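Reader: I'm new to this and I'd like to learn how to read a protein model. Could you walk me through a few features?

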Amino acid sequence: LRAFRIFKALRGLQAIIATLFNSLPAIINLFSMLGLLFFIFGILGVTMFGSICIDGDQSQPGMKAALCMFTDEDMLFARQANFRNLGFSLLTLFRVTTGDDWGAVLEISQLLAGKRFINDDIWNDVKQLLGEDPSTLNPNHINYMTKDQEDAPRKVAALAIRQWNATVFGMDKDPDWPFPLSKPLARKWMLIGRRALPVCLPQEDAVHLQDLGLVDCDVGGYSLKCESTCGDWIIANLYYMIFFAIASFVLLQLVIAVLMEQLSIADDDTNVANLVPGCTALNKAVLARIQRRWRCQAKRKMLHLSLKSSAASRTTSRARTTGSKETVDPSLVARTLSNDEVMNERGRG
């Protein structure tokens with residue numbers, strides 16, 4: 001408790017604490033507005049970016065892992081910074097406000113699906129892993145496709161998921177799931193799927209794979225339609241810029257402005273309290289300084305008069321002693337004082 005005694009010794013610190021207490025009503029209003037801003041943008045974040053994959057979604061059991069395996073591991077939201085629900089959305093917005101690596105959050109929110117095409121490298125890898133050319137199969141075969149088909153990328157992605165599932169089926173508990181080290185073909189097939197449908201899955205691709213039974217988006221026993229795992233470049237930039245500008249440059253600056261205003265009011269009140277009663281500009285400190293100056297000048301005047309009186313007395317006494325009949329001219333009394341005597345008398349004063 002001794003540490004609190006410092007408040008009694010430092011008046012400046014007392015003024016700051018008083019300013020904080022006086023600013024509480026205005027600050028509470030500003031923080032209420034800031035909370036409303038967070039809530040609004042939190043809901044918008046869940047709506048626009050809530051379906052983007054987060055780290056760990058690709059490790060869910062069974063076919064639930066398939067949807068997010070098409071997104072590279074470096075482009076997944078972190079577990080503590082995502083928009084999956086309102087709570088995490090508010091936490092992510094707070095991170096954006098503090099500027100803590102929010103560029104990574106912005107980059108993931110800008111995800112756009114890459115171009116879909118099957119080049120010779122992808123087609124040759126498919127034939128090598130499959131052990132046969134899919135275009136030579138019976139047209140009714142599930143794996144039949146041709147390289148130049150319009151939906152060839154979707155067919156290659158579906159083939160990759162089926163082959164991955166056949167390779168790792170029943171290994172959900174493996175510590176290296178979804179790509180067990182004992183099954184290297186699993187990762188190779190999914191790398192081909194990522195090359196066929198790169199970066200992320202738009203909703204039409206996700207729904208197509210769901211209709212084929214290759215992706216599971218059910219939650220808690222409820223059947224839900226799969227959503228896009230992509231973001232939006234334009235919306236993401238507008239969303240973060242508007243939020244960051246309002247939260248950081250407007251509301252937080254308003255808090256500082258309120259504190260500065262209250263501190264200025266406190267200084268004005270202090271100055272008014274120090275004014276001399278009946279005066280609008282003369283304060284007590286200036287009046288005390290004027291009083292000291294007048295007192296000093298009065299002392300000097302009294303000393304000067306005392307020295308003149310003493311010199312006149314000595315001159316008169318000397319004249320009487322010598323029997324001189326001459327009258328003493330008072331105007332010449334001051335001249336009889338030597339400079340040393342005057343300085344000595346002033347030094348004593």
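Reader: Let's start with L185. Is L185 buried, partly exposed or exposed, and why?

Author: Keep in mind that this is a predicted model. The general idea is to look at relative accessible area: under 20% is buried, over 50% is exposed, and partly exposed sits in between. L185 has 40% relative accessibility, so L185 counts as partly exposed.

Reader: Okay, and where is L185 found?

Author: L185 belongs to helix 7, which covers residues 184-196.

Reader: What does L185 touch, if I skip residues up to four places away in sequence?

Author: The idea is to ask which residues from elsewhere in the sequence come into contact. Here L185 touches L129 and T167.

Reader: Which residues is N82 in contact with, leaving aside neighbours within four places in sequence?

Author: N82 is in contact with I54, F77, F88, S89 and T92. Then look at the polar atoms: one in the side chain of N82 lies 3.1 Å from the backbone oxygen of A78.

Reader: Next topic, salt bridges. How many salt bridges are there?

Author: For a salt bridge, you look for a side-chain nitrogen of Lys or Arg within 4 Å of a carboxyl oxygen of Asp or Glu. By this rule, the count is 9.

Reader: What do D57 and R84 do?

Author: Their side chains meet in a salt bridge, with 2.8 Å from N to O. D57 and R84 are both in the loop between helix 2 and helix 3, 27 residues apart, and the pair links distant parts of the chain. D57 is buried because its relative accessibility is 8%, while R84, at 34%, is partly exposed.

Reader: And K64 with D216, how does that pair meet?

Author: K64 and D216 meet through their side chains in a salt bridge of 3.6 Å, N to O. K64 is in the loop between helix 2 and helix 3, and D216 is in the loop between helix 8 (203-211) and helix 9, so this pair ties together parts 152 residues apart in sequence. K64 is partly exposed at 25% relative accessibility, and D216 is partly exposed at 28%.

Reader: Which residue forms a salt bridge with D120?

Author: That's K147, and the closest N and O atoms are 1.9 Å apart. D120 lies in helix 5 (residues 120-130) and K147 in the loop between helix 5 and helix 6 (152-168), so parts 27 residues apart in sequence are tied together. There's a network to look up, too: salt bridges link D72, E73 and R194.

Reader: Last one, the surface. Which residues form a nonpolar patch there?

Author: For a patch, look for nonpolar side chains grouped on the surface. This one is formed by L112, W233, I234, L238, M241, I242, I246, F249, V250 and L254, with about 960 Å² of accessible area together. Take W233 as an example: W233 lies in helix 9 (residues 233-273). W233 has 49% relative accessibility, so W233 counts as partly exposed.

Key. Residues are numbered from 1 along each chain as its sequence is written. This is a predicted model: local features need pLDDT of at least 70, side-chain atom pairs count only at pLDDT 80 or more; totals for chains, interfaces and linings use all residues. Side-chain values use heavy atoms; hydrogens and water are left out. Patches are made of residues with over 30% relative accessible area and no salt bridge: like charges are joined within 9 Å, nonpolar side chains (Val, Leu, Ile, Met, Phe, Trp, Tyr) within 5 Å. Accessible areas come from the Shrake-Rupley method with a 1.4 Å probe; for residues, only the protein chains shown count as cover. Helices (H or I, at least four residues) and strands (E, at least two) are DSSP runs, numbered from the N terminus. Buried means under 20% relative accessible area, exposed over 50%, partly exposed in between (1.4 Å probe, protein chains only). Contact means heavy atoms within 4.5 Å. A polar contact is a pair of N or O atoms within 3.5 Å; within protein, one must be able to donate a hydrogen and the other to accept it, and residues adjacent in sequence count only if both atoms are side-chain atoms.
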